[in-house]
Amino acid sequence: VAYGLGKPDEYFLSMRKDLTRSRDRLTKGLESLGFPVLKSQGTYFLTVDLSPLGLNESDAEFCWRIVRDYK
């Protein structure tokens, strides 16, 4: 917090702009591959529907598997 308090407003405006651009770019890429993405406005996180993958596992099982198998 102390580090951030010492930064000028432009630092945060630039960061917000960069994060928004990155989020929107990832959203477009995922959508172009056929993944439905829940639109977000107040966050930089994405919620993605993985059903196009045809997986037969729960969300938690999928997350554990990609961490275990792909690090």
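Modeller: A pocket is an open set of grid points with protein on both sides within 12 Å along at least five of seven lines. Rolling a probe the size of a water molecule over the atoms shows where empty space is left. The model before us is predicted, and its largest pocket holds about 160 Å³ of space.

Biologist: Which residues line the largest pocket?

Modeller: The lining consists of Val48, Asp49, Leu50, Ser51, Leu55, Glu57, Ser58, Asp59, Phe62 and Cys63. Helix α3, residues 59-70, supplies the largest share of this lining, with three residues.

Biologist: Let us turn to helices. Why does the distance between the end C-alpha atoms of helix α2 agree with its number of residues?

Modeller: The expected span of a helix is 1.5 Å times one less than its number of residues. Helix α2 covers residues 9-32, and because it has 24 residues, it should span 34 Å; the C-alpha atoms at its ends lie 35 Å apart, in agreement with that value.

Biologist: What follows α2?

Modeller: Gly34 comes after the helix, and its phi is positive, near 95 degrees.

Biologist: Which residues of α2 are buried, and what do they pack against?

Modeller: A residue is called buried when its relative accessible area is under 20%. In α2, Arg23, Thr27 and Leu30 are buried. The buried residues of the helix pack against β1 (37-38) and β2 (47-48).

Biologist: Why does Thr27 count as buried?

Modeller: Thr27, which lies in helix α2, counts as buried because its relative accessibility is 8%. With neighbours within four places in sequence set aside, Thr27 is in contact with Val37, Lys39 and Leu46.

Biologist: How many salt bridges does the structure hold?

Modeller: A salt bridge requires a side-chain nitrogen of Lys or Arg within 4 Å of a carboxyl oxygen of Asp or Glu. The structure holds five salt bridges. One of them joins the side chains of Arg23 and Asp24, at 3.0 Å from N to O.

Biologist: Are the two partners, Arg23 and Asp24, buried or partly exposed?

Modeller: Arg23 is buried, with a relative accessible area of 11%, whereas Asp24 is partly exposed at 32%.

Biologist: What is the partner of Glu31 in a salt bridge?

Modeller: Glu31 pairs with Lys39, and their closest N and O atoms are 2.8 Å apart. Glu31 is partly exposed, with a relative accessible area of 33%, while Lys39 counts as exposed at 60% relative accessibility. Lys39 is also one of the residues in contact with Thr27.

Biologist: What separation is found in the salt bridge between Arg68 and Asp69?

Modeller: The closest N and O atoms of Arg68 and Asp69 are 3.3 Å apart. Asp69 counts as partly exposed, at 41% relative accessibility.

Biologist: Finally, where is Tyr44 found, and which residues does it touch?

Modeller: Tyr44 is found in the loop between β1 and β2, and at 36% relative accessibility it counts as partly exposed. Not counting residues up to four places away in sequence, Tyr44 touches Arg16, Leu19, Thr20 and Arg23.

Biologist: How far apart are Tyr44 and Asp24 in sequence and in space?

Modeller: Tyr44 and Asp24 are 20 residues apart in sequence, and their C-alpha atoms are 8.8 Å apart in space. Arg23, which Tyr44 touches, is the salt-bridge partner of Asp24.

Technical notes
Residues numbered from 1 in each chain as written. Predicted model: local features only at pLDDT ≥ 70, side-chain atom pairs only at ≥ 80, totals over all residues. Heavy atoms only, no water. 1 Å grid on protein atoms, 1.4 Å probe; cavity = no way out; pocket = protein on both sides within 12 Å on 5 of 7 lines; lining within 4 Å. Points joined across faces, edges and corners; volume = space filled by probe spheres on them. Helix = DSSP H or I, 4+ residues; strand = E, 2+ residues; numbered from the N terminus. Buried < 20%, exposed > 50% of the residue type's maximum accessible area, 1.4 Å probe, protein only. Contact = heavy atoms within 4.5 Å.
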